Amino acid sequence: MNEFHKGSLEIICGPMFSGKSEELIRRLKRVQISGKSFLLFKPAIDNRYDINHVVSHDQRKLEAVITGIDKSSIEGIERTIGEKNPEVVAFDEIWMYDDKIVGFVMDCVRRGRRVIAAGLDTNFRGEPFGNMSQLLAHADFVDKLKAICIRCKSREAVMTQRLIDGLPAKRSDPTIVVGAAEMYEARCRECHEIEQ
Ligand code: ADP
Ligand code: ZN
């Protein structure tokens, strides 16, 4: 770990399929190689592929501590970090956590830890997602990754398209849908669609 990463917040954001999990795993593997200790947290509801690991769409994986996302779960994360005292703390899909995570993350930073957080910057409507706008404002380092637009295949994708039964989701649809027949695609601004 470079000295300048100590006591700082790094954000890796962008739409789905932009390589956020891949980049998070890459950074943490380098932390491992340098012999530093780390803890990686991920929300329990993000159980797309593997319950105990963060897994990228390209099947790269790293072991993670599974947590809830509410205020009391964040207290649990705080306790785990207090016990294990890792030099680096990482979160995948940080936008899912209660807003209390922002104060907690900044506390970790002030105590000299390197914090790396990955997640969507905008929801399917293109609006700033949950705690992400605050975290981006506090961050020391920000990387905004882009995917390839799966519709035109000629521009980079900065948006996450939600499809329900193959059709664009409506603006009035809930921001987070659990268990619905939904699907996501990476799209550029021109190809991104929302039903009004
Ligand atoms: P994220 O965490 O941002 O959703 P991942 O790190 O899980 O992204 O996955 C990134 C990988 O997804 C890429 O390396 C590539 O193999 C694959 N992929 C699938 N669809 C796309 C796309 N439209 N644009 C770029 N990569 C894509
Ligand atoms: Zn496009």
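Trainee: Where does Phe104 lie?

Mentor: Phe104 lies in helix H3, residues 100-110. Helices (H or I, at least four residues) and strands (E, at least two) are DSSP runs, numbered from the N terminus.

Trainee: What kind of model is this, and how is the numbering done?

Mentor: Residues are numbered from 1 along each chain as its sequence is written, while chains are lettered from A and ligands numbered from 1 in the order in which they are written. This is a predicted model, in which local features need pLDDT of at least 70, side-chain atom pairs count only at pLDDT 80 or more, and totals for chains, interfaces and linings use all residues; side-chain values use heavy atoms, with hydrogens and water left out.

Trainee: Back to Phe104, then: buried or exposed?

Mentor: Phe104 is buried, with a relative accessible area of 7%. Buried means under 20% relative accessible area, exposed means over 50%, and partly exposed is in between (1.4 Å probe, protein chains only).

Trainee: What separates the C-alpha atoms of Phe104 and Arg187?

Mentor: Their C-alpha atoms are 33 Å apart, and the two residues are 83 residues apart along the chain.

Trainee: Changing topic to ligand 1: which residues come nearest?

Mentor: Lys20, Ser21, Glu22, His57 and Ile148 come nearest, out of 15 residues around ligand 1. A residue is near a molecule if one of its heavy atoms lies within 4 Å of it.

Trainee: Which elements give two or more residues to the shell around ligand 1?

Mentor: Helix H1 (20-33) and strand E9 (147-148) do. H1 provides the largest share, 3 residues.

Trainee: How do the residues of that shell divide?

Mentor: There are 7 nonpolar, 5 polar and 3 charged residues around ligand 1. Ala, Val, Leu, Ile, Met, Phe, Trp, Tyr, Cys and Pro count as nonpolar, Asp, Glu, Lys and Arg as charged, and the others, Gly among them, as polar.

Trainee: On to the metal: what coordinates the zinc ion?

Mentor: The SG atoms of Cys149, Cys152, Cys188 and Cys191 coordinate the zinc ion (ligand 2), at 2.3 to 2.4 Å. Donors are N, O and S atoms within 2.8 Å of the metal (3.2 Å for Na, K and Ca); water is not among the atoms, so sites may look incomplete.

Trainee: What geometry does the site have?

Mentor: The site is tetrahedral, with angles of 99 to 117° among its 4 donor atoms. Four donors count as tetrahedral if all angles lie between 85 and 135 degrees. In sequence the donor residues follow the spacing C-x2-C-x35-C-x2-C.

Trainee: Why does the pair Cys152 and Cys188 tie together parts that are apart in sequence?

Mentor: Cys152 lies in the loop between E9 and strand E10 (156-157) and Cys188 in the segment after strand E13 (182-187), so the pair links parts 36 residues apart in sequence. Cys152 is partly exposed, at 26% relative accessible area, whereas Cys188 is buried, at 1%.

Trainee: What about Lys153, where is that found?

Mentor: Lys153 is found in the loop between E9 and E10. Lys153 has a positive phi of about 55° although it is not a glycine, and it counts as exposed at 61% relative accessibility.

Trainee: One more: what does the side chain of Arg162 reach?

Mentor: The side chain of Arg162 reaches the backbone oxygen of Thr175 at 2.7 Å, and a polar contact of 3.1 Å joins it to the side chain of Tyr184. Arg162 is found in strand E11, residues 159-164, and is buried, with a relative accessible area of 1%.

Methods:
Four donors count as tetrahedral if all angles lie between 85 and 135 degrees; four count as square planar and six as octahedral if opposite donors are over 155 degrees apart and all others between 65 and 115; anything else is irregular. A polar contact is a pair of N or O atoms within 3.5 Å; within protein, one must be able to donate a hydrogen and the other to accept it, and residues adjacent in sequence count only if both atoms are side-chain atoms.
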